[in-house]
Every structure is written in structure tokens, then in C-alpha cells.
Amino acid sequence: MNILCLDLEGVLVPEMWQAIATDRGIEELQKTTRDVPVYDDLMQLRLRALARHNVPFSAMLEVIGSLEPLPGATDFLHWARERFQVAILSDTFYEFAIPLVRKLGYPLLLCHTLQVEDDRIVGYRLRQENPKQAAVEAFQSLGYTVCAAGDSYNDIGMLRAAEHGCFFNAPTQVTSDYPDIEAVRGFGELTATLSRYC
């Protein structure tokens, strides 16, 4: 059986940091991996903004807990899990993602961890360097064929390492920078593309 590797935010669920940005009125937190290609640069920007605005971790969790999967995501995931082993490869954090993963039926999630002290995020720990690409290569070393879909710069390694990778609802800037990677829009197109490999 093939493995399907999916990004989480922007593919199955809303962007969590953008929801926090809107709730707290912090413009800097609107930026995502679609805007800032280097992940550590993005996280340092976020950590500075959180410290400057004194945002409690518990308030962030409350916002995230109110979010729902994107329209069509739950049905798509049900379709995919009947045809693939599904792994969510994300640059989010377990502490953020668990409420939304619960709403998706607990698919396998590989992501990072936060460092929290006194109800404040003070840092983060990466699971490993190039975690999405490394996970794809690990699955391949076990003899699996990998399909993958993501929407941002941090998905490029995963999409290129997979036997079959495509952008899903990615912004024009990202797809134009990587015209060699197939781009699809909407779960209907993604399902049609993946149907070629299951």
C-alpha cells in the first residue's frame, strides 16, 4: 500500500497562527511558511511578537480549540484513509495540533514541540532537520511508495522526495517559484490526482 503524506495547516485545517493573529490583533502573526521560506526566521518573528504582546499560551490554545477542519477535509481524509496509509507531516506543534487532529479522527501526526514556561511560549524544538523530507525518505526506505501534498515553501523537500508530489491550494508565488511541481486546487482535483496512484 502507498503512503500519503499531507501538510496540515492550509490543507486540512486553517492556519493556526493566523487565527491567533486575528483574535489578538497582531499583524506579524499573519505570516506563515507561505511568506517566510526559512522556518527559523518565521518562528523567531513569532516568538518576538508573542513576547512583545505578552500573549498567554492558554489564550492561544483557546483560539485553536475553536477552529474546525477546512470544508471537505474530513470527507477527503476518510476517502484517503481507505486507499492509503496517511501521515500528516507538519511544521506545527503537538501542543497546538492535538485539538484539530482529534477532529480529524487522529491520523498519524509528525511535528515539533513547544517550550512553555509560566503560560508563555519561550522556544521550540524541531523533531529533526528537514523533517518532512526525512519522513518521506524513511517511509521509502521501508519499501513504500509515497504520494504527498502541501501548500508552502516548507513542503518543497517533501514534494520533491515523494514519487508523486503536488501543491494543494498553494499561492501563486509558491507555484510560480516551483513550476516543475504539479499544482491542484480543491479536494476534487486532489482526489482525481491521487486516484492515479491508488
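Colleague: Which elements each supply at least two residues of the lining of the largest pocket?

Modeller: Start with the terms. On a 1 Å grid over the protein atoms alone, a pocket is an open set of points with protein on both sides within 12 Å along at least five of seven lines, and a lining residue has an atom within 4 Å of a point. Helices (H or I, at least four residues) and strands (E, at least two) are DSSP runs, numbered from the N terminus. Here α2 (39–53), α6 (131–141) and α7 (156–161) each give at least two lining residues. The largest share, 3 residues, comes from α6.

Colleague: What kind of model am I reading?

Modeller: This is a predicted model, where local features need pLDDT of at least 70 and side-chain atom pairs count only at pLDDT 80 or more, while totals for chains, interfaces and linings use all residues. Residues are numbered from 1 along each chain as its sequence is written, and side-chain values use heavy atoms, leaving out hydrogens and water.

Colleague: What volume has the largest pocket, and how many residues line the largest pocket?

Modeller: A volume is the space filled by probe spheres set on the grid points, which are joined across faces, edges and corners. For the largest pocket it is about 330 Å³. The lining has 16 residues, with Tyr39, Asp91, Asn130, Pro131 and Asn154 nearest the centre. For classes, Ala, Val, Leu, Ile, Met, Phe, Trp, Tyr, Cys and Pro are nonpolar, Asp, Glu, Lys and Arg are charged, and the others, Gly among them, are polar. The pocket lining holds 7 nonpolar, 5 polar and 4 charged residues.

Colleague: How many cavities of 30 Å³ or more are there?

Modeller: A cavity is a set of grid points where a 1.4 Å probe fits but cannot get out. The count of those with 30 Å³ or more is 1. The largest cavity holds about 120 Å³ of space. Its lining has 13 residues, of which Glu9, Glu15, Thr33, Asp91 and Asn154 lie nearest the centre. α2 and β2 (85–93) are the elements giving two or more residues to this lining. The largest share, 3 residues, is from β2. By class, the cavity lining has 2 nonpolar, 5 polar and 6 charged residues.

Colleague: In what order do the strands form the open sheet?

Modeller: Strands of a sheet pair through backbone hydrogen bonds, either parallel or antiparallel. Two strands count as paired if DSSP finds at least two bridges between them. Here 7 strands run in the order β4-β3-β2-β1-β5-β6-β7, with mixed pairing. β4 (120–125) and β7 (182–184) are the edge strands, each pairing on one side only. β5 (residues 146–150) and β6 (residues 164–168) pair in the parallel sense over 4 bridges. Gly150 stands opposite Phe167 in β6.

Colleague: Where does Thr175 lie, and with which residues is Thr175 in contact, leaving aside its neighbours within four places in sequence?

Modeller: Contact means heavy atoms within 4.5 Å. Thr175 lies in helix α8 (residues 172–177). Leaving aside those neighbours, Thr175 is in contact with Phe167, Ala170 and Ala183. The Thr175 side chain also reaches the backbone oxygen of Thr172 at 3.1 Å. That is a polar contact (N or O atoms within 3.5 Å; within protein, one able to donate a hydrogen and the other to accept it; residues adjacent in sequence count only if both atoms are side-chain atoms).

Colleague: Where do Tyr106 and Asp118 lie?

Modeller: Tyr106 is in the loop between α5 (94–103) and β3 (108–117). Its phi is near 55°, a positive value in a residue other than glycine. Asp118 sits in the loop between β3 and β4. The phi of Asp118 is positive too, at about 50°, although Asp118 is not a glycine.
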